[in-house]
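Dear colleague,

Please find below the structure that I am handing over to you. My findings follow it, arranged by topic.

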Amino acid sequence: MEYGLERRDLSSYDGTRLAYFIGGPEDAPPLVISNGLGGNLASWRHVVRYFSRWYRICVWDYRGLYGSDQPADPRTFSVAGHARDLFHLIEQESLVDPILMGWSMGVQVQLELHREHPELARAMICCHGTHGHPLATGFQSPRTEQVAPMVFQAVHKHWRRVVRPMQLLARQQAVQDLLFQAWMPFGLVDKALDRSIFNDMAKEWVKLNLSTYALIFEELGHHTARDL
């Protein structure tokens, strides 16, 4: 049990094993939460603790990240692939008329799910995300789209060399404090941010396969649900 939720596994549409967490009253309205890219259950600890009194809450890990397995076919990292995972999760747990809540990447995933199954959800909550093409719509600089491919290429090529130092630095309070001070003037973090959640996320994020992370980010950049 984590934050009052039980961990379970799902064999998705292509056989990829996905990890998810579920809890709350079984007869309560379902609240299905989709993470931001790099987010995990810890991101939602306050939401889970508060709303699990009245909702059947489900939080899941995207394929290739955290507790979920890598797929056999990397093309399934597309937003449509993640949306199919979400649909299979909802079906497996028989979550009828769910409320969908997505953060960042999760907004695109649930919009894509809505495209394929427009009658599925009773409501949709979109937190700090975009309809698509996040490199163009989610940042303040027009140069982001130009620079991003070079960053992704570097991550694919060199991430194994830097992941161990990153893991060590993520444990250092002084490094965390320095990052907060550097990011705050650019609006990347807010003074009200829960530092304990950020620290827990950072320690887990640096354990990820960062090449997979970059590949998912690339797929997000190609996706759009503007028509919705």
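This is a predicted model: local features need pLDDT of at least 70, side-chain atom pairs count only at pLDDT 80 or more; totals for chains, interfaces and linings use all residues.

Salt bridges

The structure holds 12 salt bridges. In one of them, the side chain of Glu-6 meets that of Arg-8, with N and O 3.2 Å apart. Arg-8 is likewise partly exposed, at a relative accessible area of 25%.

A further salt bridge brings together the side chains of Asp-9 and Arg-7, at 3.6 Å from N to O. Asp-9 has a relative accessibility of 40% and therefore counts as partly exposed. Arg-7, with a relative accessible area of 41%, is partly exposed.

Arg-75 forms a salt bridge with Asp-73, and their closest N and O atoms are 3.0 Å apart. Here the two partners fall into separate classes: Arg-75 counts as exposed at 67% relative accessibility, whereas Asp-73 counts as partly exposed at 27%. There is also a network, in which salt bridges that share partners join Arg-7, Asp-9, Arg-17 and Asp-69.

The sheet

An open sheet is formed by 6 strands, in the order β1-β2-β4-β3-β5-β6, and their pairing is mixed. The edges are held by β1 (residues 6-11) and β6 (residues 123-127); each has a single partner strand, so one side of each is left without a neighbour in the sheet. From one strand to the next, the twist averages 20°.

As a reminder, strands of a sheet pair through backbone hydrogen bonds, and they may do so in a parallel or an antiparallel manner. The strands β5 and β6 run parallel and are joined by 5 bridges. Across this pair, Ile-99 stands opposite Ala-123 in β6.

Glu-93

Glu-93 lies in the loop that links α2 (residues 79-92) to β5 (residues 99-103). Why does Glu-93 count as buried? The reason is its relative accessibility of 16%, because buried means under 20%. Apart from neighbours within four places in sequence, Glu-93 is in contact with Arg-8, Tyr-20 and Ile-22. With Tyr-20 there is a polar contact between the side chains, at 2.5 Å.

His-223

His-223 is found in the segment after α8 (residues 210-222). With a relative accessible area of 10%, His-223 is buried. Which residues are in contact with His-223, leaving aside its neighbours within four places in sequence? They are Val-79, Gln-108, Glu-112, His-131, Gly-132 and His-133. The side chains of His-223 and Gln-108 are also joined by a polar contact of 3.0 Å. By contrast, the C-alpha atoms of His-223 and Tyr-50 are separated by 33 Å, and these two residues are 173 residues apart along the chain.

Helix α7

Helix α7 spans residues 195-205, and its buried residues are Ile-197, Phe-198, Asn-199 and Met-201. In an α-helix there are 3.6 residues a turn, so residues three or four places apart point the same way. The elements that cover the buried residues of α7 include α1 (residues 45-51), β5 and α6 (residues 173-183).

With kind regards

Terms used:
Residues are numbered from 1 along each chain as its sequence is written. Side-chain values use heavy atoms; hydrogens and water are left out. Helices (H or I, at least four residues) and strands (E, at least two) are DSSP runs, numbered from the N terminus. Buried means under 20% relative accessible area, exposed over 50%, partly exposed in between (1.4 Å probe, protein chains only). A polar contact is a pair of N or O atoms within 3.5 Å; within protein, one must be able to donate a hydrogen and the other to accept it, and residues adjacent in sequence count only if both atoms are side-chain atoms. Contact means heavy atoms within 4.5 Å. Two strands pair if DSSP finds at least two bridges between them. Axes are lines fitted to C-alpha atoms, for helices over the stretch in contact, and angles run from 0 to 180 degrees between N-to-C directions. A salt bridge is a side-chain nitrogen of Lys or Arg within 4 Å of a carboxyl oxygen of Asp or Glu.
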